[in-house]
Amino acid sequence: MTRAFQQPAPPPAENQVIGGHRPGYARPVAGQAELTSQQQRSLAEDGYLLLPSVLAAGAADALAGRLDGLARGIISEWDATPGKPSEEAGVVGIRLDPADPGYAPLVRQPLLFSAAGAVIGPGCQVNGLSLRAPLPGCGHQGLHPDFFPGHRISGPWQVLAAMWCITAFTSDNGPLRVIPGSHRTRRDPVDDMEFPGMGPHPDEVKLIAPAGSLILFNSASLWHSGTLNYSPGLRLAVTAYLSAPANTPPGGAS
Ligand SMILES: O=C(O)CCC(=O)C(=O)O
């Protein structure tokens, strides 16, 4: 039987470091404490916003050293106790203490509260902080909103994630991918895929960014996922979850 010739799907879009869906909106100025109205609009409409190089290089390097050490400690434990189950194969996931002074640059950054205020409302707090570090050859996830079932397609929104690129996010080290605008879609984007969620989606954007960049996204509702780390090193990202006091996000403190 012959099959009709199909054009191969175009490769997934990649933002151009400061580009993304809306080129030019994103670069924060030094000391910026609040999102501009353009950045707020972009976050509201697209469901995510990439702010490149928010952390000073020294701060990003210091955090990378500490978190790399933590991740390698877990990997050594795995090596010492083969067969011990982990939550996600080949991915180091560690809950961090948001009150640890060493993580203050990640949880006290004023842009987090400006963004959470704009998306969710006043009084938002950091309710969880976690490291996710896929090892080489690991880390690919199916597209998902973090609340499923239970994701909303209109406000009031539930959780804003603030993902810090502790190492640079490159096209091959397992950057976050998102489906822009998918937090507002009635039809789930994975329903358009033959193998729901896992493969590339025609509308996905992989977020490529230098170390120290900040990705804000409406994690409970926006379709997103980790991707395969095909680099020789660990990809380090720390995500702070912000919500109104009554909500506890996935990965958040109970
Ligand atoms: O680490 C990433 O890039 C995304 C992780 C994620 O989406 C998840 O664990 O739910």
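**Exercises on a predicted model**

The ligand is surrounded by Arg132, Gln141, Asp146, Leu176, His224, Ser225, Gly226 and Ala237, each having its C-beta atom, placed from the backbone, within 6 Å of the ligand. The model is predicted: local features need pLDDT of at least 70, side-chain atom pairs count only at pLDDT 80 or more, and totals for chains, interfaces and linings use all residues. Residues are numbered from 1 along each chain as its sequence is written.

**Exercise 1.** Determine how the residues of the shell around the ligand divide into nonpolar, polar and charged.

*Solution.* Step two is to apply them to the shell, which gives two nonpolar, four polar and two charged residues.

**Exercise 2.** Identify the buried residues of helix 1 and what they pack against.

*Solution.* Helices are DSSP runs (H or I, at least four residues), and strands are runs of E (at least two), numbered from the N terminus. Helix 1 covers residues 37-46, and its buried residues are Gln39, Ser42, Leu43 and Asp46 (buried: 20 or more other C-beta atoms, placed from the backbone, within 10 Å of the residue's own). Seen down the axis of helix 1, these residues fall within an arc of 95° and so line one face of the helix; the arc is that of the directions from the helix axis to the C-beta atoms. They pack against strand 2 (48-51), helix 4 (110-119) and strand 8 (214-217), a contact being C-beta atoms within 7 Å. Just after helix 1, Gly47 takes a positive phi of about 90°.

Note on methods: Ala, Val, Leu, Ile, Met, Phe, Trp, Tyr, Cys and Pro count as nonpolar, Asp, Glu, Lys and Arg as charged, and the others, Gly among them, as polar. A residue is buried if 20 or more other C-beta atoms lie within 10 Å of its own, exposed if 12 or fewer, and partly exposed in between; C-beta atoms are placed from the backbone. Two residues are in contact if their C-beta atoms, placed from the backbone, lie within 7 Å.
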